[in-house]
Amino acid sequence: MKLQKAAAHPASPSPVEHAGETSLAHRAGTDRSLTGVERGRANGKYAHLIRQVFAGQVMLLDHCLAPLLDTVPAGWCVLVAGVRGMALGIHRAVGPSDDDAPFGEIVRLPALVVAADGSLAAQRCRRLAVPADVGTTMARLLGAVDAEGADPWDGCDLVRATVARSAPARDRVVIDGGRRAAVATAAWHLVTGPADGDACPAPRLFAKPDDYFEISDVADRSPAIAEELAALVAPWLGMSGASPRDADAAANAWRAAWSAPLSAAAVGDASAEGA
């Protein structure tokens, strides 16, 4: 499959013809030598190219899935999964970057699993999941035993979670965004910035599942929730870039972010389908 050849709309500028412009748009998102204003102008100028190429890639991949699944021999397990998202302008940034804020468009990834026995046909898991879940699920489908770990960030078998509904549901997912972090629950998605004295924006809070694209920041209307979720990752963010001698303290702060008690209002219904 040559996904790079996917074009968007016939009337749109060809991504091949404008390869230089597309690379400039990529540079606008990653080159720290550009000022914020310059980066914003470059993103604005070339955002349509990035969106159109992205849409073309998705359409081509979608068309490739059916022939792929028709070709796979019976008895095989198939996994098609994304590895990271990409900013498409919803939060004033377009294109790949090494400093993306962990909004849903970056961290919410697709994963399509086809089980050899058909047990996952027409099933959709809406529980809070992490990438390790996909590996654990595939290991179980391929016959591995005791593939699940004990920690909440360890992989969970999505077959048990979706079909048998016997797996315990996570009440949160803590997301490492480098200089930023996010906490996702069934009811909320909080994005917070660095706690190292650098420019530190106020935590932003979005209601789930209604605000799918994280447009409406409700931190000022639900300050207690924003404060509770931000407090989970504040100690760990404060240790970002810690020296090796502080590695144990940083690990403990990370573990606490996953395990500290949360109020029912902050958690929502973690086991509900559609969360």
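Arg 108, Lys 208 and Glu 214 are joined in a network of salt bridges, a salt bridge being a side-chain nitrogen of Lys or Arg within 4 Å of a carboxyl oxygen of Asp or Glu. The model is predicted: local features need pLDDT of at least 70, side-chain atom pairs count only at pLDDT 80 or more, and totals for chains, interfaces and linings use all residues. Residues are numbered from 1 along each chain as its sequence is written, and side-chain values use heavy atoms, with hydrogens and water left out.

**Salt bridges**

- The structure holds six salt bridges.
- In the bridge between Glu 214 and Arg 108, the closest N and O atoms are 3.3 Å apart. This pair links distant parts of the chain, 106 residues apart: Glu 214 lies in the loop between β8 and α6, and Arg 108 in the loop between α3 (104-107) and β4 (111-114). Helices (H or I, at least four residues) and strands (E, at least two) are DSSP runs, numbered from the N terminus.
- Glu 214 also forms a salt bridge with Lys 208, with the closest N and O atoms 2.7 Å apart.
- Glu 214 is buried at a relative accessible area of 2%, and Lys 208 is buried at 16%, whereas Arg 108 is partly exposed at 35%. Buried means under 20% relative accessible area, exposed over 50%, and partly exposed in between (1.4 Å probe, protein chains only).
- Arg 172 and Asp 171 meet in a further salt bridge, at 2.9 Å from N to O. Arg 172 is buried, with 3% relative accessibility, while Asp 171 is partly exposed, with 26%.

**Nonpolar cores**

- The largest nonpolar core has 32 residues, and those with the most contacts inside it are Trp 188, Leu 205, Leu 229, Leu 232 and Val 233. Such a core is a set of buried Ala, Val, Leu, Ile, Met, Phe, Trp, Tyr and Cys residues joined through side-chain atoms within 4.5 Å.
- Elements that each supply at least two residues of this core include β7 (188-192), β8 (204-207), α6 (223-238) and α7 (247-259). The largest share, eight residues, comes from α6.
- Leu 205 touches, among others, Trp 188, Leu 190, Val 218, Ile 225 and Leu 229, not counting residues up to four places away in sequence; contact means heavy atoms within 4.5 Å.

**Aromatic residues**

- Five aromatic pairs are found in the whole structure. Rings of Phe, Tyr and Trp (its six-membered ring) pair if their centres lie within 6.5 Å; planes under 30 degrees apart count as stacked, over 60 as edge-to-face and the rest as tilted.
- Phe 103 and Phe 206 form an edge-to-face pair, 5.9 Å centre to centre with 65° between the planes. The two are 103 residues apart, with Phe 103 in the loop between β3 (94-95) and α3, and Phe 206 in strand β8. Both residues are buried.
- Trp 153, Trp 236, Trp 254 and Trp 258 form one aromatic cluster.

**Surface patch**

- Ile 90, Tyr 212, Phe 213 and Ile 215 form a nonpolar surface patch, with about 420 Å² of accessible area together. Accessible areas come from the Shrake-Rupley method with a 1.4 Å probe; for residues, only the protein chains shown count as cover. Patches are made of residues with over 30% relative accessible area and no salt bridge: like charges are joined within 9 Å, nonpolar side chains (Val, Leu, Ile, Met, Phe, Trp, Tyr) within 5 Å.
- Tyr 212 lies in the loop between β8 and α6 and is partly exposed at 44% relative accessibility.
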